[in-house]
Amino acid sequence: MKKVFSRPKSLKENFIYHYCPGCGHSIAHRLVAEVIDELGIRGITIGVPPAGCAVLAYYYIDVDMIEAQHGRGPALATGIKRVLPDRIVFSYQGDGDLAAIGTAESLHAANRGENITVFFINNAVYGMTGGQMAPTTILGQKTTTSAPGRDITLDGYPIKMSEILCLLPGVKYVERCAVNSPANIVKTKKAIKKAFQYQIDGVGFSMIEILSQCPTNWKMSSIDSCKWIDEVMVKEYPLGVLKDVTAPEKKKGK
Amino acid sequence: MLIGEAAIRAGCRFYAGYPITPQNELTEYMSENMRKVKDGIFIQSESEIAAIHMVTGASAAGVRAMTSSSSPGISLKQDGISSLAACELPAVIVNMMRGGPGLGNIAPAQGDYFQATRGGGHGDYRTIVLAPASCQELADLTMDAFDLADEYRNPAIILADGMMGQMMEPTVFKKAKPRNYSESFMLRGAGKGKSKIIKGLVLPPLEMEEHNWKLARKYQVISDKETRHEAFNLDNAELVVVAYGTAARITKGAIKRLGESGLRVGLFRPITLWPFPVKALRELSHKVKNFLVFEMSTGQMLEDVRLALQGYANIDFHGRPGGVVPTPAEFAIAVEREFRDKDTYGRQF
């Protein structure tokens, strides 16, 4: 009988994810590991997990890893990549990490055009600390620090980091995906693969934003969380390729 | 500039920094000269915080890495310095101290002694702190800092001030030692082998406790083996000034004048501020009973001197904080006044 589903070689053996039931992180981890397998880059990849739920990514994804202090992933990745330009370096960050405390590091690593890949997990809350308002929290969304719902006059607007980074010439590829349905998961994997391939080809900075469900802090069932991404989040954060500098050239080539 | 050249000669191949006075000459030197050496990397970072974390990445990737700044910038770097210590990664951090707290000013001061010698950031850790007092030492100690950082896999700090940074003196660069640092500590991709993790997060308290004790045992070894000091003019001294860096240079100038007026004064100059040369200072107190701590601060190293002498000697303090650099003549007058006045001698604050 043919084996059609198994653990990617770049995921460690014999672990149980610490993530809550229904969380999107484990899907994103698996996709990253599958792509690392498919591109055959496990031995040359170095990952930088963030402060937050995903800090323990180093217990799951089987590549060399160094944890970053909160928000500093792109700075660490810069240091690693400049020293080891032939390695594949990625930073894996949440919305608070990337779009609040680490905004400067994200923006400037992108602006320098560092040839690294950033995975930006956007679940519109601070997950690990218990569901506080994130910079990406949707207007009206109730969190533990925006109990009546996010209010423009107090909290400002949800920040769209992917769109902001697209303005920078150093940024070569940005796509927003989601891991709330099989179809979106397949698209996310393709995007991850393209981003890593661009890094291998020396194209430059790429970021994949992944809308990810957080049932625990959204106080929803897993199924409702997946629906909420489609019905609410996607309206604020539309899915799709936001920037791909190599795409037109490829078309011309054909 | 001396520090930059010494660092490159010591094999430093990664420098990240952010402009701040009074240490811009070093950043500029690195910008110009890192690109001239093979595999040399210079990054002008977007912030002090980014600089120290770039250094962390470079250090993890296996090269000798350095950043530099001045007081307010060093406060920002503590996020990364604490992390380097937790992850046991080597790095060299230069602090050309200026007047503080807050933005303070840009004049030479020694107000960051506590920050440097007590860890500086959060958590149970120490950094190796070297305090040069001449251009020759700026060069020598910079090279030593890289060796010590590697040997103990711990951040090492060069603690000097704007005065030291602006001086010119003839200097001879010593030959750098070959680097002794295992590939097994470096994060370079797992290859076909087992993947590695560098981390400071240790969630179970018992494991965290063990990690803290492991670091503490390392710090004990450093304390036992790595203290350095200079003893100057101690024979028959009736008073010993304890001072480091620029304050120690001023003291040397004052000692000559004081000798001419009949007061025999010696200098005990800690070169390592952490580990503090406790044993040597304590032994000195068997011979000399009068000490004067002189700092360009309101009294920080003073606490270490008190701890070392444990009440077995009289300790007076002379401080000039805020970026004031007294002349040797001014300091000599102050010493004479304070030492001769038996009513106030030995009384602090």
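Reader: Which domains does the assignment give for chain B?

Author: Domain bounds come from an automatic or database domain assignment. For chain B of this predicted model, domain 1 covers 2–188 + 215–225 and domain 2 covers 229–340. The C-alpha centres of domain 1 of chain B and domain 2 of chain B lie 27 Å apart.

Author: On the conventions, this is a predicted model in which local features need pLDDT of at least 70, side-chain atom pairs count only at pLDDT 80 or more, and totals for chains, interfaces and linings use all residues. Residues are numbered from 1 along each chain as its sequence is written, while chains are lettered from A and ligands numbered from 1 in the order in which they are written.

Reader: How many residues of domain 1 of chain B are in contact with domain 2 of chain B?

Author: Two residues are in contact if their C-beta atoms, placed from the backbone, lie within 7 Å. Here 27 residues of domain 1 of chain B are in contact with 22 residues of domain 2 of chain B. On the domain 1 side, helix 5 of chain B supplies the largest share, four residues. Helices (H or I, at least four residues) and strands (E, at least two) are DSSP runs, numbered from the N terminus.

Reader: How many residues of chain B are in contact with chain A?

Author: There are 33 residues of chain B in contact with 29 residues of chain A. Helix 3 of chain B gives the most to the chain B side, nine residues.

Reader: Which strand of chain B is joined by bridges to strand 2 of chain A?

Author: Two strands pair if DSSP finds at least two bridges between them. Strand 2 (residues 64–66) of chain A is joined by two bridges to strand 7 of chain B, and the strands run parallel. Ile66(A) has Ile198(B) as its bridge partner in strand 7 of chain B.

Reader: Why is the radius of gyration of chain A said to agree with a compact globule?

Author: The radius of gyration is taken over C-alpha atoms, and the globule rule is 2.2 Å times the number of residues to the power 0.38. For 254 residues a compact globule would have a value near 18 Å, and chain A has 17 Å, which agrees. Chain A has ten helices and nine strands.

Reader: How confident is the predictor?

Author: pLDDT is the predictor's confidence in each residue, from 0 to 100. Chain B has a mean pLDDT of 95, with 98% of its residues at 70 or more. For the complex, the predictor gives an ipTM of 0.95 and a pTM of 0.96.
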